[in-house]
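Dear colleague,

Please find below the structure that I am handing over to you.

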Amino acid sequence: MGALEVREGFIELYGAEPEGVWAAPGRVNLIGEHTDYNDGFVMPFALPHVTTAAVARRDDGVLRLHSADMPGGPVELRLDELAPESDRGWTAYPAGVVWALREAGHEVTGADVHLTSTVPTGAGLSSSAALEVVVALALNDLYALGLKGWRLARLCQRAENVYVGAPTGIMDQTASACCEAGHALFLDTRDLSQRQIPFDLAAEGLRLLVVDTRVEHAHSGGEYGRRRAGCEKGAALLGVDALRDIPHDGLDAALADLAGDEEVARLVRHVVTENARAERVVSLLESGDIRAIGPILTEGHASLRDDFRVSCPELDLVVDTALASGALGARMTGGGFGGSAIVLTDTADVPTLTKAMEEAFTKAAHTPPRVFEAVPAAGARRLA
Ligand code: ADP
Ligand code: MG
């Protein structure tokens, strides 16, 4: 959906011109899963799929929100009535951003917003962060708030954590706000320091496929909270601030200390080995050896399946089928319990692999997956 169409949609809805049009992408995470609430490393890159917003300011304390992807006309909210966890619908995400901006002392006096999106929702590709970041960026520009990069991301995370009431780490919003085309973003979630890592798949004759299992991860909230609490318990038992502080060569000693608590030990093993995998992937990419990251992605999947236990049969089927069809590596991406997997493969193997995936899903009587190629794209930006 181009900027022009979104602008026209805005005019039709609100009977006036928007002041501008902005876009923010969804993301996939290459490696570093369930590490972002353990002060660890993540490495997302932005998708070409974006949420686009046409926005105009208002000065009467009213927020009007409309999404082309949702039924019904614009929803009208009063800014002075916005309250955390008061809204269970989609409008909580953009309203939460406005609430968080105002909470942080920024003077936002209202807005009309019209949204469209090509980011699949609930597929683990972070449509929620794309939605938050596009609204935050638009208001930042229109109200000249001077927020950029990680500051904008932090604010959006606060909207999702506090206003929506969904406990999530900082990765998704930072990816949507800060990614650059042709790069993956190596993010240290402890201090939010970032490095853009060149990730030019095509130049190496490689492709990265995203396979959306169509299994919605919507009901994973309780499981997510339980994993998170388990990690916090592990850190407390080991006497560290966060599991990030356990070095890979200290893992055996840590596991020995946790011998009485099998569940916590498994969670700790995943987080510590996953941070090490993220660091290995970064050094391989920086030395130009993209092919060599394949087995590390696959190891990461095994760890999420067996130790962290957040995979599901459909995600495992994607990974097993991909590897059996010659892929270099594959793993689930995002929080798990559904959503999407990524597959690193030689370009020449893409048709065989896609066909094998369809056949495997048909045979298992699962809904056919959606397969698309992910080319690392740009982060949030103004379009018009
Ligand atoms: P994910 O971020 O993995 O896509 P979430 O459950 O975190 O999944 O967020 C999905 C929710 O975000 C949707 O259920 C909806 O409430 C909201 N959302 C995302 N994109 C849009 C959109 N284009 N229009 C309206 N709501 C959206
Ligand atoms: Mg989300």
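**Ligand 1 and its surroundings**

In this predicted model, a polar backbone atom of Gly122 lies 2.8 Å from an oxygen atom of ligand 1. The backbone also takes part at Gly124, where a polar atom is 3.3 Å from an oxygen atom of ligand 1. Ser127 contributes through its side chain: one of its polar atoms is 2.6 Å from an oxygen atom of the ligand. On its own, ligand 1 has 560 Å² of accessible area, and the protein covers 83% of this.

The shell around the ligand consists of 16 residues, of which Ser67, Asp69, Gly122, Ser127 and His217 come nearest. By class, this shell has 9 polar, 6 nonpolar and 1 charged residues. Helix α3, which spans residues 127–142, gives the most to the shell, with 3 residues.

**The largest pocket**

Several elements each give two or more residues to the lining, namely α2 (92–103), β6 (111–117), α3, α4 (149–164), α5 (171–178) and α6 (221–238). Sorted by class, the lining has 21 polar, 17 nonpolar and 9 charged residues.

Most residues other than glycine have a negative phi. Which residues have a positive phi although they are not glycine? Phe337 is one of them, with a phi of about 60 degrees; this residue is found in the loop between β10 (329–333) and β11 (340–346). Ala365 is another, and its phi is near 60 degrees. The loop that holds Ala365 runs between α11 (350–363) and β12 (370–373).

With kind regards

Technical notes. Residues are numbered from 1 along each chain as its sequence is written. Chains are lettered from A and ligands numbered from 1 in the order in which they are written. This is a predicted model: local features need pLDDT of at least 70, side-chain atom pairs count only at pLDDT 80 or more; totals for chains, interfaces and linings use all residues. Side-chain values use heavy atoms; hydrogens and water are left out. A residue is near a molecule or strand if one of its heavy atoms lies within 4 Å of it. A polar contact is a pair of N or O atoms within 3.5 Å; within protein, one must be able to donate a hydrogen and the other to accept it, and residues adjacent in sequence count only if both atoms are side-chain atoms. Accessible areas come from the Shrake-Rupley method with a 1.4 Å probe; for residues, only the protein chains shown count as cover. Helices (H or I, at least four residues) and strands (E, at least two) are DSSP runs, numbered from the N terminus. Ala, Val, Leu, Ile, Met, Phe, Trp, Tyr, Cys and Pro count as nonpolar, Asp, Glu, Lys and Arg as charged, and the others, Gly among them, as polar.
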